[in-house]
Amino acid sequence: MKVTVIGAGNMGGAMIRGLVAGGRVAAGDITAVAVHDKTLNAMREVGVQATTDAVAAAKTADVVLLAVKPWLVEGTARQIAGAVKDSALIGSVAAGIGLADLVSYFGGDKPLFRIMPNTAVTVGESMTFVTAGGATPEQTRTMISLFEPLGKVMEVPEKQFDGCMALASCGIAYALRYVRAAMEGGIELGIPPQMAQTVVAQTLKGAAEILLRTGNHPEAEIDKVTTPGGITIKGLNAMEANGFTRAVIEGLKASK
Ligand SMILES: NC(=O)C1=CN([C@@H]2O[C@H](COP(=O)(O)OP(=O)(O)OC[C@H]3O[C@@H](n4cnc5c(N)ncnc54)[C@H](OP(=O)(O)O)[C@@H]3O)[C@@H](O)[C@H]2O)C=CC1
Ligand SMILES: O=C(O)[C@@H]1CCC=N1
């Protein structure tokens, strides 16, 4: 299967590295399209082909993934639309570009996908969402299987897509901002920064593993930590008094 990724920056580059590491597609069958030599050379070092010619790279591809900035998607799509094979699966990871937009660029007779990974593709722990339009179940299965080595994949209806993107793709930044805040608090408590970073990251990983493995509600796990009259409830109450939950909800709602 030949895969062309147009745009090889933070997301496209990470997807390519993840695809190579995942081993489901041979590095030699992946083509990265970018503009600058620095990016192209970085991709060649990963072992994939790299070019500035999107049309040529799209022509031979079985899967085309658009990973340019959202405002460049329409121009890029219209540029390659006449070149892609009829059978090619076409996916866009661009925020805010809907299936209806993709249909208007490529026509309604192509298997089209919105795909939303996050930057944890670099470590094989992405939370990736796939929404299909005009694709057969088998074609959807193929697209999903491409992303499975890169983490978890969920197929979602398009009406849930933006909410999922806020939670998971923007969510990486939100989780890391929590880490930074916790580190700053730790430093005030006398913990050196690098040590605080390791401690907070491992704690977050532990909390996430508890939920993923047990499926328990977070509040049930919080109850196990909060000793009556103990120190955790004082910390939680001080965080809530400073707007923790509201800040998170408002932040997610603003992510659109
Ligand atoms: N960053 C994230 O966490 C996430 C981003 N996304 C989506 O991914 C997309 C890309 O974002 P991101 O990776 O952050 O952006 P970057 O700016 O990091 O990467 C954009 C890439 O596009 C390339 N490029 C620019 N113009 C063209 C062109 N005309 N033809 C081919 N390639 C071109 C650039 O090449 P060069 O490097 O040579 O300049 C660069 O490699 C966006 O649509 C965004 O919504 C989705 C999920 C998460
Ligand atoms: O901030 C953005 O627009 C992109 C889309 C999801 C994550 N980053």
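Student: Which residues of helix α6 are buried?

Tutor: Keep in mind that this is a predicted model. To call a residue buried, count the other C-beta atoms within 10 Å of its own and look for 20 or more. In α6, which runs over residues 137-147, that picks out M143, L146 and F147. Seen down the helix axis, these buried residues fall within an arc of 100°, so they line one face of α6.

Student: And which exposed residues does the face turned away from the buried side carry?

Tutor: On α6 that face has P137 and E138. The buried residues, for their part, pack against β4 (63-66), β5 (89-92), β6 (112-116), β7 (126-133) and β8 (151-155).

Student: Now the UniProt "binding site" annotation: which residues does it cover?

Tutor: The record, an unreviewed entry, lists I6, G7, A8, G9, N10, M11, A67, V68, K69 and P70. With a list like that, check both sequence and space. These residues span 65 residues in sequence, yet no two of their C-alpha atoms are more than 13.7 Å apart, so they gather at one spot.

Student: Take I6 from that list. Is I6 buried or exposed?

Tutor: I6 is buried, with 25 other C-beta atoms within 10 Å. I6 sits in strand β1, and its contacts beyond four places in sequence include A67 and V68.

Student: What about ligand 1? How many residues surround it?

Tutor: There are 27 around ligand 1, and the closest are G7, G9, H36, T39 and A94. Helices α1 (10-22) and α4 (70-80) are the elements giving two or more residues to that shell. By class, the shell has 16 nonpolar, 10 polar and 1 charged residues.

Terms used: Residues numbered from 1 in each chain as written. Chains lettered and ligands numbered in written order. Predicted model: local features only at pLDDT ≥ 70, side-chain atom pairs only at ≥ 80, totals over all residues. Buried ≥ 20, exposed ≤ 12 C-beta atoms within 10 Å, placed from the backbone. Helix = DSSP H or I, 4+ residues; strand = E, 2+ residues; numbered from the N terminus. Arc of directions from axis to C-beta. Contact = placed C-beta atoms within 7 Å. Near = placed C-beta within 6 Å. Nonpolar A, V, L, I, M, F, W, Y, C, P; charged D, E, K, R; others polar. UniProt positions renumbered as here; feature names shortened; annotations may be inferred.
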